[in-house]
Amino acid sequence: QVQLVESGGGLVQPGGSLRLSCAASGSIFNINDMGWYRQAPGKERELVAVITRSGSPNYEDSVKGRFTISRDNAKNTVYLQMNSPKPEDTAVYYCNAYIVTTRGYSNRYWGQGTQVTVSS
């Protein structure tokens, strides 16, 4: 069984900073890409950033230059550093990872989500 657990969400002022973490645990053999998605009220879930196992990132246009995704393969953890957040970044943020288990099964897993609210 595999679990993704996010942490670090909360209330942040516009122009401030916040760091989200997501740790994967369980019967993990290998983790390929890891990413962050978000879903605002009344909107569809959208990709924010994704990072390959080798560390190559890709960002949604609206967060480029403000957010940074990184990962620690030894800890099976992915991070999202949010700098200069804007009110429109307010959403539930979900961690996602493509994981190969020790039994050889591969699947995409989701975390439970963490609320990020950007407001003064």
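Reply: This is a predicted model. A search of the whole structure finds two aromatic pairs.

Me: Why is the pair of Tyr37 and Trp110 called edge-to-face?

Reply: Look at the angle. The planes of Tyr37 and Trp110 stand at 65°. Planes over 60 degrees apart count as edge-to-face. The ring centres are 4.9 Å apart, and the limit for a pair is 6.5 Å. So Tyr37 and Trp110 are an edge-to-face pair.

Me: What makes this a link between distant parts of the chain?

Reply: Tyr37 sits in strand β4 and Trp110 in strand β10, which covers residues 106-110. The two residues are 73 residues apart.

Me: Are Tyr37 and Trp110 buried or partly exposed, and how do you know?

Reply: Buried means under 20% relative accessible area, and exposed means over 50%. Tyr37 has 22%. Trp110 has 38%. Both values fall in between, so Tyr37 and Trp110 count as partly exposed.

Me: What makes Tyr94 and Trp110 an aromatic pair?

Reply: Their rings lie 6.5 Å centre to centre. Pairing asks for centres within 6.5 Å. The angle between the planes is 85°, and over 60 counts as edge-to-face. Tyr94 is in strand β9, Trp110 is in strand β10, and they are 16 residues apart.

Me: Is Tyr94 buried or exposed, and why?

Reply: Tyr94 has 15% relative accessibility. The cut-off for buried is under 20%. Therefore Tyr94 counts as buried.

Me: Which residues do the ring pairs link into a cluster?

Reply: Tyr37, Tyr94 and Trp110. Trp110 pairs with Tyr37, and Trp110 also pairs with Tyr94.

Me: Why is Asp33 called partly exposed?

Reply: Asp33 has a relative accessible area of 22%. Under 20% would be buried and over 50% exposed. The value lies in between, so Asp33 is partly exposed. Asp33 belongs to strand β4.

Me: How do you know that the side chains of Asp33 and Arg108 make a polar contact?

Reply: The distance is 3.0 Å. A polar contact needs N or O atoms within 3.5 Å, one able to donate a hydrogen and the other to accept it. The side chains of Asp33 and Arg108 make such a contact. Beyond its neighbours within four places in sequence, Asp33 also touches other residues, including Val50, Arg71 and Tyr98.

Me: Which residues touch the most other members of the largest nonpolar core?

Reply: Trp36, Leu80 and Tyr93, in a core of 27 residues. Elements giving two or more residues to this core include β1, β4, β8 and β11. The largest share, five residues, comes from β9.

Me: What does Leu80 touch?

Reply: Not counting residues up to four places away in sequence, the contacts of Leu80 include Leu18, Trp36, Val48, Phe67, Ile69 and Tyr93. In soluble globular proteins, nonpolar side chains tend to be buried together.

Me: How do you know that the radius of gyration agrees with a compact globule?

Reply: A compact globule of 120 residues would have a radius near 14 Å. The chain has 14 Å, so the two agree. The C-alpha atoms fill a box of roughly 45 × 25 × 20 Å along the principal axes. Of the 120 residues, 37% count as buried.

Me: How many helices and strands are in the chain?

Reply: Zero helices and eleven strands. Among contacts between residues at least 6 apart in sequence, 55% join residues at least 24 apart.

Technical notes: Residues numbered from 1 in each chain as written. Predicted model: local features only at pLDDT ≥ 70, side-chain atom pairs only at ≥ 80, totals over all residues. Heavy atoms only, no water. Core = buried A, V, L, I, M, F, W, Y, C linked by side-chain atoms within 4.5 Å. Buried < 20%, exposed > 50% of the residue type's maximum accessible area, 1.4 Å probe, protein only. Helix = DSSP H or I, 4+ residues; strand = E, 2+ residues; numbered from the N terminus. Contact = heavy atoms within 4.5 Å. Rg over C-alpha atoms; globule rule 2.2 N^0.38 Å. Phe/Tyr/Trp six-rings, centres within 6.5 Å; stacked < 30°, edge-to-face > 60°.
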